[in-house]
Amino acid sequence: MGMQMKFDLKKLFNLDRRIIYLLIFLSILIPFLVEFDLPIKANKDVKNIFNKIEDVAKNKGHQGSILLSFDFDNASKAELEPMARSLLAHAFKNNLRVIAMGHWPNGVELAKSILNDLAREFKKEYGEDWVYLGYRPGVSILIINMGKDFKSAFQTDAFGKNTKELAATKNIKTINDIDYVISLSAGSGGIEDWVVYGRSKYHFELGGACTAVMAADFYPFLQSGQLNGLIGGLAGAAQYETLLGRPAEAVSGMRPQSIAHIVLIFFILFGNFCYLIDRFYLSKRS
Amino acid sequence: MSNIDTTTIATSKKSDFLVFAIFFSIIIIVNAILLGSGHLKWGLEGVGIMMGAAFTISLYSFLYKDNPLFKMAEHFYVGVATAYLIIVTWYSVILTDVIYAFRDLTKAPFSSSVFWQMVAIILPTLIGLLVYTRIIPRFAWMSKITFSIIIGFGSGLAIPNLINAYILEQAKPSMTALWTSAGGFEWNAIIVFIGVISTLIYFFFSLEHKGAVGATAKVGIWFLMVSFGASFGFTVMARFSLLIERVNFLFHDWIPLIK
């Protein structure tokens, strides 16, 4: 009986990984087809970013401005695009001026299309309500330069217009004239650089939005106050969409995400269970 | 080459061709149905969706096993991403900061300020171009000038800022009061305190990890394990998010299965 059981467990140990892939795929597809609601509650770090934007809108009105740094490209679109859309919608809804830029050359067109979509939806005028500065090389040097002389860092916007003539940027001398900076980051040339070369040097208020892979690395920055808030991964994006009352891709993505996590937890427990049983039979035999 | 090798290569080529033929036949049939039913429209967006779907399936086919479709998609990705990067760099950096900037200066009346602005464009450009001397072995040593400037400048810029952001600023929250008369025990501060001390002791190798030092180091290991677990959990979440977006793309934007 023992030998038979051990043989079966060996078969389970050698479970074809493709079966797991298939189950994960189904656990993601099926929740898209079967609709059900899951409670989504925003955590403190996501709320901090939301509240900061609300504060800027309350205190400054249309003169208030936020800078969104699109530090990602298509590879991280799944997690960061919903965040970018929610943050832009929040700023535009509150009539704040948005200045956008990016440290990632491969994300230039993606950022442009997101900005155009939201500006069209909220009927915002380019130059007056929002500006896209595009990609400039340098990352650290660029951030330091923005803190010293914003106009020398960005003499023109992404379309070649002079930043001294655009209503949204003409009064900005240094980065400290911008009320809130948020980096949407997918790796090097993102939040970390904004913290090291921007926040630590010029002490402006900085928020972060990042892929889930990176989120754990940024918690020390929250603890030290170098970041005032953090939106981490698709779950963070869903929390922001909930706070904004504008459920979209991230909220609908929470159903498959939750089910896939349950499937994965099951496989982790199952693997450990098989391992323990096998060890038990091995020790009994010896 | 032996006969066995030649036969293996021929069989592999034949099976590669078969994989390509079956895959593209299926893609063409599905796209024809989608175009015929009016779900997809022939145009830039429609073709983009069709190609996106084909490449997504090709890349995920690696989960079954390594195959020529995956390799094809991988090479396409590398090629397209590099070409895109070159174009963006050309238009936003070389054209704007070098060519147009220099052209505008040549139009301005000559003065010492204009001269120094020209130097500020020409000198860094020349230093940057020195990297390409590596192509000619005789002059390859010149590329070291560029690298030494990059390393020297980068270190000078990074070291003080990193020390400030990562050590000085990070040390502050590790040194907060563990107990206050108003609030009693500050549990977060206590956890941070224990975590920092025990993890530092774990990485302190000048003393043998025995007795009190060993016990503290073990606590440090637990903190490290929790940290690795959190990172792994977040990584899994991130990978699932990417799959969720692709599934949504395949079964919503391409095949209208998801509402």
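**Chain A, its sheet and the contact with chain B**

In this predicted model, 39 residues of chain A are in contact with 35 residues of chain B. On the side of chain A that touches chain B, the elements giving two or more residues are the helices α2 (17-33), α4 (77-93), α8 (191-202), α9 (212-223), α10 (233-244) and α11 (249-285), together with the strand β3 (130-135). Sorted by class, that side of chain A comprises 23 nonpolar, 11 polar and 5 charged residues.

Chain A contains 11 helices and 6 strands, and its C-alpha atoms occupy a box of roughly 85 × 40 × 30 Å along the principal axes. The domain assignment gives a domain 1 of chain A made of two segments, 2-35 and 253-285, and a domain 2 of chain A spanning 44-247; the centres of these domains, taken over C-alpha atoms, are separated by 41 Å. Of the 286 residues in chain A, 46% are buried, and among the contacts in chain A with a separation of 6 or more, 72% are accounted for by residues 24 or more positions apart.

The strands of chain A include those of an open sheet of 6 strands, which follow the order β3-β2-β1-β4-β5-β6 with parallel pairing. The edges of the sheet are taken by β3 and β6 (229-232) of chain A, and because each has a single partner strand, one side of each is left without a neighbour in the sheet. Direction ignored, neighbouring strands of this sheet are turned by 15° against each other on average.

Strand β2 of chain A (residues 97-102) is mostly covered, with 6 of its 6 residues buried. From β2(A), A:Arg97, A:Ile99 and A:Met101 point one way, whereas A:Val98, A:Ala100 and A:Gly102 point the other way, and all are buried. In a regular strand, side chains alternate between the two faces of the sheet. Strand β2(A) pairs in the parallel sense with β1(A) (residues 65-71) over 5 bridges, and within this pairing A:Met101 is the bridge partner of A:Ser69, while A:Ala100 is the bridge partner of A:Leu68. The chain passes from β1(A) through α4(A) to β2(A) in a β-α-β crossover that is right-handed. The strands β2(A) and β3(A) also run parallel and are joined by 4 bridges, with A:Ala100 standing opposite A:Tyr132 in β3(A). From β2(A) the chain crosses through helix α5 of chain A (residues 108-121) to β3(A), and this β-α-β crossover is likewise right-handed.

Chain B is divided into domain 1 (3-107) and domain 2 (168-252), and the C-alpha centres of domain 1 of chain B and domain 2 of chain B lie 41 Å apart. One residue of chain B that has contacts with chain A is B:Phe251, which is placed in helix α7 of chain B (residues 211-254). Leaving aside the neighbours within four places in sequence, B:Phe251 is in contact with A:Leu29 and A:Phe32 of chain A, as well as with B:Leu257 and B:Ile258 of chain B. The C-alpha atom of B:Phe251 is separated by 9.6 Å from that of B:Ala53, although these residues are 198 residues apart along the chain. B:Phe251 counts as partly exposed because 17 C-beta neighbours lie inside 10 Å, whereas 20 or more would be required for a buried residue and 12 or fewer for an exposed residue.

Key. Residues numbered from 1 in each chain as written. Chains lettered and ligands numbered in written order. Predicted model: local features only at pLDDT ≥ 70, side-chain atom pairs only at ≥ 80, totals over all residues. Domains from an automatic or database assignment. Contact = placed C-beta atoms within 7 Å. Nonpolar A, V, L, I, M, F, W, Y, C, P; charged D, E, K, R; others polar. Pairing = 2+ DSSP bridges. Axes fitted to C-alpha atoms, helices over the stretch in contact; angles between N-to-C directions. Right-handed = clockwise from strand over helix to strand, strands pointing away.
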